[in-house]
Amino acid sequence: MPATPAWPPKSLPRLFIRRPLSEGLILDLEAAQANYLGNVMRLGVGGELLLFDGASGEWLARIAEAARKRMTLTVGRRTREAETIPDVWLAFAPVKRAQTDWLVEKATELGVARLLPVLTRRTVAERVRLERLESIAIEAAEQCGRTLLPAIDEPVGLKQLLGNRDVARTLYFADERAGEPAIEAFKPGPALILVGPEGGFTDEERESVRAARSSVAISLGPRILRAETAALAALASFMAAAGDWRPL
Ligand code: SAM
């Protein structure tokens, strides 16, 4: 006997809604979202989908009215509480736009809680467009089943990052030259992972990070990884070590 399929099916479309959701709420969708449901997903009146608002969890909704580029939804019951994820932040030196976009998408999928673009001496990136990174994070969260969105900070200089940080949050500094094997170094508790630019940190920067309180240098292996690869390798291994890798 085939198992009773889970309800709602994980294949229902998922949309992020920029306002608090609650049962019984009547919601007019943004034109782009209405167009997506109507013309891409071919959904009409009675069609069901999942919504999340980045705070209260996930909700089942039904299309109540549909017209060209306009849709009204009725919000039904909550299908999931907001996710609980390890408290890990990722500070990264922005790289080329395509790589930075890719990094934000993948870090969102992996469950990062906050993204902090850091400007270092050898950072050669174009201007960081936060609204663009936010829309990439929203799409990744819609696709991978997240109910929270990572916060994305304005870029800051390395000095400012080190100066403003809460030392109760351990700083795991990805250093290709020397460090503890990452998987052994990671300890339970709030974490900030720092990864350098393609050109690496200057010696002066490396010293300032190593001298910072509750800073731990981590190694991601004997090979020199590209900055975006190092960021994801560190994040993925932290999530695994923190017990995040279990089915929904
Ligand atoms: N320019 C540096 C060099 O050639 O020595 C390499 C920089 S690497 C492309 C970019 C960043 O990724 C580094 O600053 C570091 O944070 C991280 N990284 C790369 N490989 C790593 C490794 N094996 N262990 C720890 N961190 C690594």
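How far does a backbone N or O atom of G200 lie from a nitrogen atom of the ligand? The distance is 3.5 Å. This report describes the ligand site together with the fold and several individual residues.

## Basis of the model

The structure is a predicted model, in which local features need pLDDT of at least 70, side-chain atom pairs count only at pLDDT 80 or more, and totals for chains, interfaces and linings use all residues. Residues are numbered from 1 along each chain as its sequence is written, and side-chain values use heavy atoms, with hydrogens and water left out.

## Overall architecture

The protein contains seven helices and 13 strands. Here helices (H or I, at least four residues) and strands (E, at least two) are DSSP runs, numbered from the N terminus. The C-alpha trace spans about 60 × 45 × 30 Å along its principal axes.

Of the 248 residues in the protein, 47% are buried. A residue is called buried under 20% relative accessible area, exposed over 50%, and partly exposed in between (1.4 Å probe, protein chains only). A contact means heavy atoms within 4.5 Å. Among contacts between residues at least 6 apart in sequence, 73% join residues at least 24 apart.

## Surface and charge

The accessible surface of the protein comes to about 13,000 Å², and carbon and sulfur atoms account for 54% of this area. Accessible areas come from the Shrake-Rupley method with a 1.4 Å probe; for residues, only the protein chains shown count as cover.

There are 33 positive and 32 negative side chains, and the centres of the two sets are 2 Å apart. In this count Lys and Arg are positive and Asp and Glu negative, while His and the chain ends are not counted. Each charge is placed at NZ of Lys, CZ of Arg, CG of Asp or CD of Glu.

## The ligand site

The ligand is surrounded by 19 residues, of which the closest are A174, L220, G221, R223 and L225. A residue is near a molecule or strand if one of its heavy atoms lies within 4 Å of it.

Polar contacts are pairs of N or O atoms within 3.5 Å; within protein, one atom must be able to donate a hydrogen and the other to accept it, and residues adjacent in sequence count only if both atoms are side-chain atoms. A polar backbone atom of L225 is 2.9 Å from a nitrogen atom of the ligand. For E198, a backbone N or O atom lies 3.3 Å from a ligand nitrogen atom. On its own the ligand has 580 Å² of accessible area, and the protein covers 86% of it.

E228 belongs to helix α7, which comprises residues 227-241. Because its relative accessibility is 8%, E228 counts as buried. Apart from neighbours within four places in sequence, E228 is in contact with V95, Q99, W102, L103 and E198.

W102 lies in helix α2, residues 97-110. Its relative accessible area is 40%, so W102 is partly exposed. When residues up to four places away in sequence are not counted, W102 touches E228 and L232.

## Buried residues in strands

L90 is placed in strand β6, residues 88-92. Because its relative accessibility is 0%, L90 counts as buried. Leaving aside neighbours within four places in sequence, its contacts include L103, A107, I193, V195 and A231. L90 and P190 are 100 residues apart in sequence, and their C-alpha atoms are 11 Å apart in space.

F52, in strand β3, has a relative accessible area of 0% and is therefore buried. Neighbours within four places aside, the residues in contact with F52 include R14, F16, I17, A141, R146 and L149. The C-alpha atoms of F52 and I224 are 39 Å apart, and these residues are 172 apart along the chain.

## Loop residues with positive phi

R42 lies in the loop between α1 (31-40) and β3 (48-52). Its phi is near 55°, a positive value in a residue other than glycine. With a relative accessible area of 65%, R42 is exposed.

S214 is found in the loop between α6 (203-211) and β13 (215-219). The phi of S214 is near 45°, again positive in a residue other than glycine. Because its relative accessibility is 31%, S214 counts as partly exposed.
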